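User: I would like to learn how to read a few features of a model, one at a time. Please give the general idea, then the case at hand.

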Amino acid sequence: MNTIISISVFLFLFIIFIYLGFSGKNFRPGDLNKLHEWALGGQRLGTLLAWFLIGADLFTAYTFIAVPSGIFAVGPLFFFAVPYVAVAFAIAMIVMPKLFVVSKEKGYITGVDFVKDTFNSKTLTILIALTGVIAELPYIALQVIGMRAILTSMLLPFSNIKAISDIALIISFVILAGFTYTTGLRGITLTAIMKDIIIFTTVIVIIIAIPLMYGGFHVAFKAKPVYSTLPAGFATAYLSFFIMSAFALFLYPHAINGSLSSESAKKLRRTSALLPLYAIGLALIALFGILVYAVKPAMSALDKFSPSLRGAMVVPTLIQSTMPPWFTGFAFLGIFIGGLVPAAIMAMASANLLVRNVYKEFKPDLSHEAETKLAKLLSVIFKFVALGFVFVVPATYAISLQLLGGIIILQTLPAIFMGLYMKQLKKNALILGWILGMIIGIYFVEKVNNFGLIAKTLMPTPFGLIFIGVIALAVNLAIVLIGSYVPRLIKA
Amino acid sequence: MKYRNFLAGLLITIPLLAYLLLPIYNKKTPILLGLPFFYFYQIVWLIISAIFFYIAAILIDLKG
C-alpha cells in the first residue's frame, strides 16, 4: 500500500513535469529553428530564471547522490563540495560575464566558438570541443545512476526491480528527448524551477523532522565521532579538491551554456553572486550522509544493499524510512527530475559542440536551419548513448570516469579562461599543453590506481595528498606560458 | 573608480581566504545544533559569501 501511494504521487507530479516541459514552447516564445533560440532560450533569462537554470546545471543527481554517499562512506573529506561551490561562483562572477560579453557581440553559442575565433586553429577547436563532449558523457551517465537509485528504492517490494526500472528510465528519456527537442532550453528552465521547489522543500522538511524524531546530529556524530573533523594529512587533499573542482565547473559545456543564456552580463554576475545561497541546500543534503547514522531503521535498511550500491542508496533510504509514503513520492520525484533536467542540458551542450565545433569544421557551409536541426537530433542521440552507457557499463566504472572527467576538462582552462585575458597565447603551445596535461593526468590516475578500476584521484606528494588535476593542469599551464612567451623574449 | 574595484576585489577575496585557511576551521568545537565547527563554519560562510559577492557585483557594475 505504501509503495502504491509513493508511486501515485510520483507519477502525478511526473505528469505535471511533462506538461511544464512541453509548455516551454510558449514561454517567452521565439523561433526555435534558430540555434540560439533553442539552445540559449533566446538569451532572455533574467537574474531569477538564470539562478534556477544555472543552479539546476550545477546541482545534479551527482550532488544529491554522490556527495552524501561520499560523506557516508569517507566522512568530512567530501564536504569539499561546499567551499568548492563558493569558490566556483567567485570565479564565475569574474570570468563568465566577460565570456558572455564577447559571445553576445560575436554570436558565440559555445565556449569553443570563442576558442576557434581567438586562436584560429582547427586542431585546437576540435580538441577542446571533444574534451567537453567526452567529459560530459560520464556526467550524464551519473544522472542516470542517481535516477536508478530512486527507482530501486521506490520499487523495492517488487521482485523484478531491474527490469521495471530500466523500462521506466527509457520512458523518462523518451519524454525528456521529446520536450528538449521541441522546446529546448525554455522547457528545461521551467522544469528546473519545479525541481528546485520540490528539492528545497524536501531538504528543509528532512533537516527539521529527522533531528526532532531521532535526536539529530548529536546522535549521528556520537555514532561516528571520527567524522567530526578532517583527519590529519588530508588538508592538501581537501584544498586541492575544492580549488580545482571550482575551476573545472565552469569549463563544462553545460555550465557555459547555462551562463550564456542569461539576459545580460550584469544579470549573469548578480546571479552568480547569489548562487552560494543555493549551495546551502547542497550542504544540508551532504549532511544527510552523516545524519543517516542517527536513524536506526535507515541503517538497517541500508545493510540489505551490497556495499557497492549502499552509497547511492543513502539519501533515498533515509527519506523512505522516515517520511510518510506520499512525501517519499514527492521527494523521490524531485531527486529523479534532479537527474533528468541536468541530463537534458548536458546533452544539449554536447550536441552544440559536436555540430558547431566538430562537424562544421569539416563542413563550413552548413546553413543555420540545418545546424539547429542537427543539434536537436544529436542531443536526442546523445541522451540515449548516455543511457545505453549505464545499461552496459557497471555503475562503479561510470563514477570512475566521472572522476577522470574532472581532470580532463581542466585541460581546457588555458584555451578558454586564459584566452579571455591573454591574447598573446600561441595556438601550438595550447595544443602541446593540452596533450601533455592529458597524458600526465591520465597516467598518474592510472598509476595511483595500479592501472585498475579508478577509485582514487589523490596522489601522495612531499606536501601531502594532492588531487591529480593540480599536477596535470600545472604541466599544461607551464607549457602554454613558456611556449607563448619565451620565443617572444628570445626574439626581443 | 579604482577604489570601487579594489573594494569589490576585497569582498570576493575574503570568503576565499575564509575557506583556504583550513586550520582555522578544522575543529570539532564549538558545536552548533549538534554540528561540529568544521561543518557549520563552512555553511555560514556560504551566506556571507553570497552577501559579499552581491555587493561586489553591484560595485563592479557601477563603474560603467
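This is a predicted model: local features need pLDDT of at least 70, side-chain atom pairs count only at pLDDT 80 or more; totals for chains, interfaces and linings use all residues.

User: How is the radius of gyration of chain B to be read against the globule rule?

Analyst: The value is set against what the rule gives for the chain length. For the 64 residues of chain B the rule gives 11 Å, but the radius of gyration is 15 Å, so chain B is more spread out than a compact globule. Its C-alpha atoms fill a box of roughly 45 × 20 × 10 Å along the principal axes. Buried residues account for 31% of chain B.

User: What does the side of chain B that touches chain A consist of?

Analyst: Count residues, then ask which elements supply them. In chain B, 28 residues are in contact with 30 residues of chain A. Helix 1 (2-20) and helix 3 (37-62) of chain B each supply at least two residues of that side, and helix 3 gives the largest share, 15 residues. By class, the side has 21 nonpolar, four polar and three charged residues.

User: Why is helix 6 of chain A said to be largely enclosed?

Analyst: A residue counts as buried when 20 or more other C-beta atoms lie within 10 Å of its own. Seven of the nine residues of helix 6 (residues 111-119) are buried, so the rest of the structure largely encloses this helix. Among the buried residues are Val112(A), Phe114(A) and Phe119(A). The packing partners of the buried residues include helix 5 (81-106) and helix 16 (325-362) of chain A.

Technical notes: Residues are numbered from 1 along each chain as its sequence is written. Chains are lettered from A and ligands numbered from 1 in the order in which they are written. A residue is buried if 20 or more other C-beta atoms lie within 10 Å of its own, exposed if 12 or fewer, and partly exposed in between; C-beta atoms are placed from the backbone. Helices (H or I, at least four residues) and strands (E, at least two) are DSSP runs, numbered from the N terminus. Two residues are in contact if their C-beta atoms, placed from the backbone, lie within 7 Å. Ala, Val, Leu, Ile, Met, Phe, Trp, Tyr, Cys and Pro count as nonpolar, Asp, Glu, Lys and Arg as charged, and the others, Gly among them, as polar. The radius of gyration is taken over C-alpha atoms; the globule rule is 2.2 Å times the number of residues to the power 0.38.
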